[in-house]
Amino acid sequence: MSALDSVDSLLFFLSRAFCSPVAVFVQIQGCIICLTLAIGWVFAAYVRNREIKQMKESMRTGNSFAFLCHDGNALEHSNQVNLPRVSVVMPLKGFGEHNLHNWRSQITSLYGGPLEFLFVVESTEDPAYRAVSLLISDFKDDIDAKIIVAGLSTTCSQKIHNQLVGVEKMHKESRYVLFLDDDVRVHPGSIGALTAEMEKNPEIFIQTGYPLDLPSGSLGSYCIYEYHMPCSMGFATGGKTFFLWGGCMMMHADDFRQDRYGVVSGLRDGGYSDDMTLAAIAGAHKRLITSPPVAVFPHPLASDLSFSRYWNYLRKQTFVLESYTTRVNWLMNKALFSTHCYLSWGFVAPYFMAMIHVAAALQTYVKGYSYDETTCTSRGLLLVSCLTVCTIAELLSMWNLTRVEVHLCNMLSPEAPQLSLRTYNWVMVFIALLVDNFLYPISAVRSHFSQSINWSGIRYHLKNGKISKIERKKEKGPIFTDLGGKHLYGKKGAPPKVSFLSSLARSLDQWRQPKKYDV
């Protein structure tokens with residue numbers, strides 16, 4: 001028997017080291033993280049599935065419009081005429097392949113009360129301006145919609161600036177304001193469901209929802225899907241939650257008119273993230289945030305979503321933890337920062353150790369090393385087996401929650417092309433689990449030390465948790481947004497000659513002929 005070569009010696013040394021008490025703790029901890037995620041997704045699936053059962057029961061009793069409301073009597077004209085007015089504010093930036101479909105789903109709501117849609121852009125140079133103008137002209141006799149040019153932000157992020165300008169322009173009789181991102185695909189009854197909950201419980205400060213990512217096939221899109229999935233359990237409570245997603249927020253309009261709890265000033269004066277700022281205000285004033293079980297929205301990701309665009313998105317997500325409104329909010333963000341970084345690498349490390357254990361075992365078998373030469377025990381393989389079982393349980397739970405949410409979305413939008421699980425590649429999901437959790441701490445640390453971020457071509461600088469400086473360089477930055485792949489630039493008041501028109505044509509075609517994730 002030949003002596004161990006240097007590579008094999010290192011391999012067996014690492015395998016022995018990974019059987020030490022500290023290493024065993026790390027590997028067991030990884031198994032616990034997997035099982036914790038699996039259990040959380042089981043409960044989230046239970047809440048979503050309970051809603052599906054209630055809808056099916058309502059349909060069995062003769063309510064053909066259960067996707068709008070469980071109680072068919074609520075759809076009677078006598079009840080619909082008393083519904084409150086709602087203003088829907090949509091801050092826009094750029095134009096991409098999914099925008100037309102998303103905007104159509106938003107403006108074709110079956111809400112029975114007075115409803116207005118306010119599309120807010122930075123300037124007429126934004127490609128979204130022309131696209132929305134064409135869309136509104138198609139529906140001008142059926143909806144109350146307008147485009148508002150907000151101008152450049154100077155004290156807060158452009159998105160927040162657009163939102164606040166939209167609130168200023170909303171109808172004076174609006175009781176509620178609903179903020180929607182332009183990459184959200186809502187259901188026909190979404191606005192009605194959110195409004196009904198607000199009417200049922202006036203103590204609600206904000207109602208929110210969460211996206212169901214539809215990966216386009218690239219690793220970057222799967223990393224974004226994986227990044228959102230752990231948070232989804234915090235929104236699938238069926239009621240009270242501490243989480244808030246800026247893509248869908250319904251609030252009392254008077255909270256903005258009267259600047260209650262400092263919602264306007266908190267956002268306007270240095271606000272970077274709308275949802276983090278409002279969540280901090282809700283926590284400071286002990287206000288209620290809820291997320292109804294029907295508030296889950298299909299979120300198609302760009303077909304050409306590259307890994308670099310995923311990295312830019314991750315940077316923006318970790319950067320929000322650097323913004324804060326109060327000392328308590330700062331402490332909570334730092335606690336979240338530390339916990340997330342620890343758990344992310346705590347999740348990834350056991351898989352690296354498992355690879356070493358498996359490689360050592362294979363070398364022992366292939367080269368015929370004796371036990372005395374390698375001292376490679378079965379302890380390492382036992383740890384690998386435990387991790388494998390826990391990983392399978394985690395992926396099955398993730399698959400089940402996605403299955404339930406896909407089913408729920410299909411029931412809530414019976415007229416839309418049906419979503420399918422067949423487009424999800426679960427090998428890619430597993431790879432994305434490792435990649436995203438490995439990169440998160442790196443992104444978070446970089447955000448902490450940089451204190452600046454480029455968001456859609458605008459660089460924001462933070463100081464003491466608030467925006468202190470906004471840079472808009474004369475030369476154009478990125479031409480695409482991260483998730484939707486939207487074109488960010490165009491000519492003033494008109495679409496660009498080629499890229500915009502081709503994008504518009506492609507969007508129209510995709511709205512009529514859905515892509516693979518829609519079938």
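Reader: In what order do the strands β10, β11 and β12 form their open sheet, and is the pairing parallel or antiparallel?

Author: In this predicted model, the three strands form an open sheet in the order β10-β11-β12, and the pairing is antiparallel. From one strand to the next, the twist averages 30°.

Reader: What makes β10 and β12 the edges of that sheet?

Author: β10 (452-455) and β12 (466-471) each have a single partner strand, so one side of each is left without a neighbour in the sheet.

Reader: Which strands pair with β1, and in which sense, parallel or antiparallel?

Author: Strand β1 (residues 86-91) runs parallel to strand β2 (residues 115-121), to which six bridges join it, and it also pairs in the parallel sense with strand β4 (residues 176-180), over four bridges. Val 86 stands opposite Leu 115 in β2, while Val 88 stands opposite Leu 178 in β4. Together with helix α4 (residues 99-107), β1 and β2 make a right-handed β-α-β unit.

Reader: Why is strand β1 called mostly covered?

Author: Buried means under 20% relative accessible area, and six of the six residues of β1 are buried. In a regular strand the side chains alternate between the two faces of the sheet. In β1 both faces are covered, with Val 86, Val 88 and Met 90 buried on one side and Ser 87, Val 89 and Pro 91 buried on the other.

Reader: Is Cys 390 buried or exposed, and what is Cys 69 called?

Author: Cys 390 has 8% relative accessibility and therefore counts as buried, being under the 20% cut-off. Cys 69, at 23%, counts as partly exposed, because that term covers the range between 20% and 50%.

Reader: Why is Val 358 called partly exposed?

Author: Val 358, which lies in helix α13 (residues 327-367), has a relative accessible area of 34% and is therefore partly exposed. Val 358 and Ser 15 are 343 residues apart in sequence, yet 8.9 Å apart in space, C-alpha to C-alpha.

Technical notes. Residues numbered from 1 in each chain as written. Predicted model: local features only at pLDDT ≥ 70, side-chain atom pairs only at ≥ 80, totals over all residues. Heavy atoms only, no water. Buried < 20%, exposed > 50% of the residue type's maximum accessible area, 1.4 Å probe, protein only. Pairing = 2+ DSSP bridges. Helix = DSSP H or I, 4+ residues; strand = E, 2+ residues; numbered from the N terminus. Axes fitted to C-alpha atoms, helices over the stretch in contact; angles between N-to-C directions. Right-handed = clockwise from strand over helix to strand, strands pointing away.
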